[in-house]
Amino acid sequence: TYETLIFELSNPDRRAFEIPKVDVPEESLESFLPKDALREEAPELPQVSQVDLMRHYTNLSNRNYGLDTGFYPLGSCTMKYNPKINEDMARLPSFTETHPMQDDSLVQGNLEMMDNLDQMLCEITGMDKMTLQPIAGSHGEMLGLMLMKAYHADKGDHNRKKIIVPDSSHGTNPASVAMAGLEVVTIESKENGEVDLDALQEAMGDDVAGLMLTNPNTLGLFEKQIQEIAKMVHEAGGLLYYDGANTNAIMGITRPGDMGFDIVHLNLHKTFTTPHGGGGPGSGPVGVKERLIPYLPVPFVEKKEAGYKLSYDGPKSIGKISNYYGNFGIYLRAYVYILSMGYNGLKRASEVAVLNANYVMYSLKDHYKLAVDRPCKHEFVLAGINTDIAEMPTVNIAKRLLDYGHHPPTVYFPLIVHEALMVEPTETESKEMLDDFIEAMKAIVEESKNDPELVKTAPHTTPVRKLDEVGAARNPIVRWEPEE
Amino acid sequence: TYETLIFELSNPDRRAFEIPKVDVPEESLESFLPKDALREEAPELPQVSQVDLMRHYTNLSNRNYGLDTGFYPLGSCTMKYNPKINEDMARLPSFTETHPMQDDSLVQGNLEMMDNLDQMLCEITGMDKMTLQPIAGSHGEMLGLMLMKAYHADKGDHNRKKIIVPDSSHGTNPASVAMAGLEVVTIESKENGEVDLDALQEAMGDDVAGLMLTNPNTLGLFEKQIQEIAKMVHEAGGLLYYDGANTNAIMGITRPGDMGFDIVHLNLHKTFTTPHGGGGPGSGPVGVKERLIPYLPVPFVEKKEAGYKLSYDGPKSIGKISNYYGNFGIYLRAYVYILSMGYNGLKRASEVAVLNANYVMYSLKDHYKLAVDRPCKHEFVLAGINTDIAEMPTVNIAKRLLDYGHHPPTVYFPLIVHEALMVEPTETESKEMLDDFIEAMKAIVEESKNDPELVKTAPHTTPVRKLDEVGAARNPIVRWEPEE
Amino acid sequence: MFPYIANTPQDEKDMLKAIGFNSIEEFFEDIPGELRLNRDLNLKPAMTEGEIKVHMEALGGKNRGKELVNFLGGGVYDRHIPSVVNHVISRSEFYTAYTPYQPEISQGTLQVIYEYQTLIANLTGMEVSNASLYDGASAVAEAAFMAVDKTRNKEIIVPDNIHPNTLRVLRTYLRFKDLELVVIPTKEGTFSKAALEEKISKNTAGVLVQNPNFFGLVEDEIEEIVELTHKNKALLIMSVDPITLGVLKSPGDYGADIAVGDGQSLGNGLNFGGPYFGFMAATKKLIRKMPGRIAGETVDKDGKRGFVLTLQTREQHIRREKATSNICTNQALNALAASVYMVALGKKGIAEVATQSAQKAHYLYNQIIEKTNFKPVYDKPFFMEFGITGDIPAAKVKEALLKEGILGGIELRICGDQFKNALLVAVTEKRTKEEMDQFVQVLEGLQ
Amino acid sequence: MFPYIANTPQDEKDMLKAIGFNSIEEFFEDIPGELRLNRDLNLKPAMTEGEIKVHMEALGGKNRGKELVNFLGGGVYDRHIPSVVNHVISRSEFYTAYTPYQPEISQGTLQVIYEYQTLIANLTGMEVSNASLYDGASAVAEAAFMAVDKTRNKEIIVPDNIHPNTLRVLRTYLRFKDLELVVIPTKEGTFSKAALEEKISKNTAGVLVQNPNFFGLVEDEIEEIVELTHKNKALLIMSVDPITLGVLKSPGDYGADIAVGDGQSLGNGLNFGGPYFGFMAATKKLIRKMPGRIAGETVDKDGKRGFVLTLQTREQHIRREKATSNICTNQALNALAASVYMVALGKKGIAEVATQSAQKAHYLYNQIIEKTNFKPVYDKPFFMEFGITGDIPAAKVKEALLKEGILGGIELRICGDQFKNALLVAVTEKRTKEEMDQFVQVLEGLQ
């Protein structure tokens, strides 16, 4: 009974929860609805007792690995500790029990928070105005590209359809370009992931809407020529988009706005410690420079003498991209985090994130190949195991790490590095934890040399062993069905 | 780093939490306290980051088995599901943020709840008045015995020092007698755990303060002759004390007050679903018949026209047995539970608890020896494995059950049954879960026959294997000390 | 020191020394000096938990809501949420996990998604479901893209009685992909098959029906609309309120191709608009066109059942610029809350919630019509939400209700000036007769 | 159906049939008819969660507290509680577990106890600690029994400046065991060595010192008292506030034999008096006299470190009538909260909490003495709690403070009529200068 599906526990007449008895006359639905609007039988939802429900989900949770379980050095995902005070504040009924259609006068606290957060995020990124509406990083990317397009169109420049994206970029970048009805032009990066200025120059033209970049790049390296790049793009009439996934390296140190970026998105669930929830909800605010403000989605918070107000008055606005005001409950957590850290804490966070990444990278340099041998920022990429010692595909190293109790790094990304292992330790980890990880990584190299079978057949200690993903895709079983 | 002690993670200057900076002049302690009142160095508490703290305790929790993990048929402990609404209500700030020394007028909600609960528990047990002050069942027992003694003393009857306790009783019973400054007279029970009337008659006399009994008894059987027993004790001038550990069998069906008991304690953490917390906090209210009310501890809640009031006006009261009003946060949960169940639910709970126990007992009767072959109430006792099939000590059966994912029953209690296994499934378990347990119990019999070594070396799948308890007691290491 | 930063100055020294550096600054040397901020961020210094609590409680104190009786709807409803929901989603193994890239240590999340997919499929009567999307509005847009992708047409037809924000979002999404949005007029509040007939053509990719629609009315020509849509080889997208499916015919019953909606009602709090989640279910043949994650059943190398993310060839990190969707997160934790909600209620419970909501809404509606001068906006069958209109501006009505602690409804003037006196009132199973009687009393007082 | 009862009527039928019974009633046949209740319990029918929430919120609404500024103490303090505390104790593996009788699946609870014992030993400066007791008052009584058990004497001496409820509880416990309680007068609020000298004898089992005492004063003759007690072969029991040990000399420093106290201050909420927990630590040679659970380190059969309940031969379920204590639960979850609290604060944090509490208390005290007509009850060094007295009854002072949202303190008349105008004011690190200034302002207004 401990590894079943919830449907397999179902038994008619069991209940985990009941609502109060109806206190108005119990008229039949047929008395006010056409009979053929009604379904013949209620939907097949399982019926279980409350204890069976709680045990089911408790046991499932115990088959999951979270940040509170252990180290999670998943490159480009910034899996840092999710502070508990964030959770407590986001659950205050004075916030949770407000409806999005209440009058502005009844949600002044919410609006004030949103306005404060807007300003804080602008200060951190060097932008002029933020919208909190995007629900995820990719959603923010899509919005940012829409803003570019809207900007050019408003200038009468309908020809600019191309977005330049380096081949080292996050996979969402080109996909988001497509979502905004634009075209991707991929340019090859230099080996260290930096933009190849010649390739960029060649790609530029009056059909280019802009460039998408992350800085530090996906190899964890700062784009040293960012000023030249910005100049080049701007001079050609394009805009610069900053993918904020790697913001954790630079808070209080440098700002995309100062580098020349026109549009920035942030992943609050990365840099600003809101929980990932097993894949969401996230929050991906987008900030812009002055000239792009008119195109931001409605509504935006305005501070008037009479108080805060949600304004829909945006004649050039691209409209809306999500139902209400974005993931309020999530960005409220980010707000609490920023208050908790302050200007001093945010800067220290970036410094220590970078320290931790370099510590791990240089500690592993004899056992693994460094993608680039140069101090990194908040993350770094290994080009697989040091083949002078042993040979072992990255995927097996990752699986073997599970037996050591660690979540593996991101694997096979960025695509430009062979056998890539992308490691982002974050600032919330202690030296002791990093040492433990380093030792495990080294031990796996030794094992790969002395007992490669052990590594190749890993994991050995997880709730399930290696799963057949190919079979799953070939014959997709995507829902439970009762046995006949 | 995942199986360390918290002290082993400590690192000076790490912090998991900070308080606000002081906002008054920072005078040195020496300026207002004698220097020799101050310690030279702050106490050695570990210093860890917040993420390390959370991981430490999360990982520890994952090495623990709770009711939300699985089946917990621990006889006499009534490990039934702890409803989540209880937890939510007990955490409402309007309750948690009240100080025990606030004026009555500021805690009317608390006092009203206490008064309501008093009346509900009286109705369930058939008593006239309850005190909520005892913090645990054993605390309630001690109080009950004190009340007996106070009653007799008040009647000038200082000779009654003896409390009769059957040898089948809970271990706390005789210990509590000692705590109240009384003497235990143990009488042998009949084989089924029922009171031997002859033995009782023989023990009775004018030096007897009373009799302690649990009904159903620890073998899960109803004391059929309870009326004769009550008469016998009362006629000899004694009082009857009801150990409420087994109340889960009889709610809405029969009441100790109607059986002739003068004093009753309840374990709210058993019958009334308040969580056990890994060994507390519990709550053990004590109810009495009219004539014993004057001796109850102060304060008690009184309902006056102006509102509820805590009264300390009890000239014959035995005084206080705990600091304030007992475990308020715990009995508040029990109050919510009683409301959730209502008169109909409580009765049904007892009926199904008894059904479940009989179902498991009779399903196991071929594989195990029944202590008594007669329908049980909410729990039953097995006298070890059926030796016609195989031989295996009870302790090994218990340990092997761990490998099947179940918490074992209570073992080697009651003392009057050889190789006892005391099973209490409770009403919150489903037939499917009971079947799973029955199958496991049967499988262990088969294993004992076919592969006894497997059973004897169990458990095999737990975070640690069988622990050396003898060694621990011989050379007690009861605190961590830094290595020199 | 900062509680969320583990390493101390001493650790810093030790670590730098171990790897042969002298200062953290050396790691930043590649950042040009003129790009350095060279000043402190203009934010406050770090606040402690105690100070934050005071600040946040003061902010929250500027809101009103928790003490008010809520008759607001428009897709977001104040419902009974079982206590177990919050207890489950507060398990840190769930909420602090990332997307389940390593299935061996993510069976919790993966099985939850698989079960969620089954629950949504059963609820909507569709064959397959994905793992959830951002919200109901963007789910409609994603469904429109699926229709475009499937039919190779560029035109989406929607009636003007859908949620105005859904329309706004759809408009944005479609415009940027150079797709055409055709909004057709409704007939006394409900979808007009005739109006559709006029616009539908071989260029149509998809037709959207919202049921109940924004005015709370139950659509009465869905079968005909589905038939007409399919005859034109377009896809029928149905946007539904998940609770109403406890008793209303499902998209599957009607033969819809794609079912979408917002899942807030399924155990998620109001939260001022989010996080909620969008759900999407479809026919089996559309599965490879679906955006978002999908979990599938498989076995491990010992033959034990397990779950993985599957059909990933659809996804952006594989297809990059060929992707038709950039979704890479879902709203996993909200979908978990919804799963727990659906399991807690079960088959009977969801029917009860739907039935009670409808019964109570009709009680209130009947009382208003009987006892006050307010008139229905549309005199047609509705489910649990209805429009009323009178002689005074809706804002005034709301004000009077608020005085009695009642959030009275949504002003329908957001749908056009013709509705300036109209209020959209939602009633859930959580509202009591007493609360509704008070509502009526206030309205009586306005005459 | 009841959500907490799994089996349905159909299950009931199946189960009865499987074991050869016809009805549940057959299991109850042995209960004599005249003992049957034969009517429904006079309770309400089952309430749903929704109804319970309404009821409980209404009850809670009749309290005041959360919105008030709290200067109450007397052993129970309103302190900053780190957010992590509640998150840890809300892990169901901890709070839904029983006493760890099966150590193989209870390492969580057992290691927590072991760590707790270490933390308490370090805090009190004692050699060993148990796993916790009911509360501070009963811990004092248990300590008294230990002294009696160890010395075979029957007399416990306590000063009259201990918490009045502690005195009450001690009196009850001792009376029933026919032990003698000798209460000696204090000297201007502090323990009088001279008074002790007068009463102590070879019949004395134990002497109790509370530091800081109930009036908040720091005892100034502890060393002499310990010496005198030990000279008389009695045990010195010290009752302490755990927070003050962040900076005050510990029982261990003073050479006490047993240290006890109430642990509420260590991360436990106010909760109207409970659940809190009592702590107890002692010298190693008293370990086998200690009541309550004790966890010890050991190894499993593979040599891996693990923890078990140990020294169980002391316990009631082994010793039955020979037991000197009947404690079989502790307050495990509260002790866990305390452990998390102590770890969250750490060595430096606990010193800061203690220091700030003292600094703030002295700020308030100085302001009151300087600016108002109130006088100290005792003009002696205090820690974070102090008595003030004036010309008007304390009840009136409280009333005036309450008007400004302040819970002003405890009326000291519970210690005798001579204190009828006196108020005991506690200040923790959580109070702010602003709150204290307002306190002073109210007192100024009373002149």
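This is a predicted model: local features need pLDDT of at least 70, side-chain atom pairs count only at pLDDT 80 or more; totals for chains, interfaces and linings use all residues.
Trainee: Why is Arg79(C) called buried?

Mentor: The relative accessible area of Arg79(C) is 4%. A residue is buried under 20% relative accessible area, exposed over 50% and partly exposed in between, with a 1.4 Å probe and protein chains only. Residues are numbered from 1 along each chain as written, chains are lettered from A and ligands numbered from 1 in the order written, and side-chain values use heavy atoms, without hydrogens or water.

Trainee: Where does Arg79(C) lie, and which residues does Arg79(C) touch?

Mentor: Arg79(C) is in the loop between strand E1 (69–70) and helix H3 (83–89) of chain C; helices (H or I, at least four residues) and strands (E, at least two) are DSSP runs numbered from the N terminus. Leaving out residues up to four places away in sequence, Arg79(C) touches several others, among them Ile243(C), Tyr341(C), Met384(C) and Glu429(C). Touching here means contact, that is, heavy atoms within 4.5 Å.

Trainee: Why does the pair Lys348(C) and Asp13(A) join two chains?

Mentor: The side chains of Lys348(C) and Asp13(A) meet in a salt bridge at 2.4 Å, N to O. Lys348(C) lies in helix H12 (residues 332–371) of chain C, whereas Asp13(A) lies in the segment before helix H1 (50–61) of chain A, so the pair joins two chains. Lys348(C), at 36% relative accessible area, is partly exposed, and so is Asp13(A), at 30%.

Trainee: What makes Asp11(C) and Arg14(B) count as buried?

Mentor: Asp11(C) has a relative accessible area of 5% and Arg14(B) one of 1%, so both fall in the buried class. Their side chains meet in a salt bridge at 3.0 Å, N to O. Asp11(C) is part of helix H1 (residues 9–19) of chain C and Arg14(B) precedes helix H1 (50–61) of chain B, so this pair also joins two chains. Over all chains, the structure holds 102 salt bridges.

Trainee: How many residues of chain D and chain A are in contact, and what area is buried between these chains?

Mentor: 17 residues of chain D are in contact with 19 of chain A. Buried area is the accessible area (1.4 Å probe) that two parts lose on being put together, summed over both; for chain D and chain A, this is about 1400 Å², with 53% from carbon and sulfur atoms. On the side of chain D, Met1(D), Pro3(D) and His87(D) lose the most area, together 33% of what that side buries. The interface has one salt bridge, and Asp11(D) and Arg14(A) meet in a salt bridge at 2.9 Å, N to O.

Trainee: What area do chain D and chain B bury between them?

Mentor: Chain D and chain B bury about 17600 Å², 62% of it on carbon and sulfur atoms. Here 194 residues of chain D are in contact with 206 of chain B. The rule finds 15 salt bridges across this interface, and Glu44(B) and Lys347(D) meet in a salt bridge at 2.6 Å, N to O. There are also 99 residue pairs in polar contact, both residues at pLDDT 80 or more. Helix H12 (residues 332–371) of chain D supplies the largest share of the side of chain D that touches chain B, 26 residues.

Methods: A salt bridge is a side-chain nitrogen of Lys or Arg within 4 Å of a carboxyl oxygen of Asp or Glu. A polar contact is a pair of N or O atoms within 3.5 Å; within protein, one must be able to donate a hydrogen and the other to accept it, and residues adjacent in sequence count only if both atoms are side-chain atoms.
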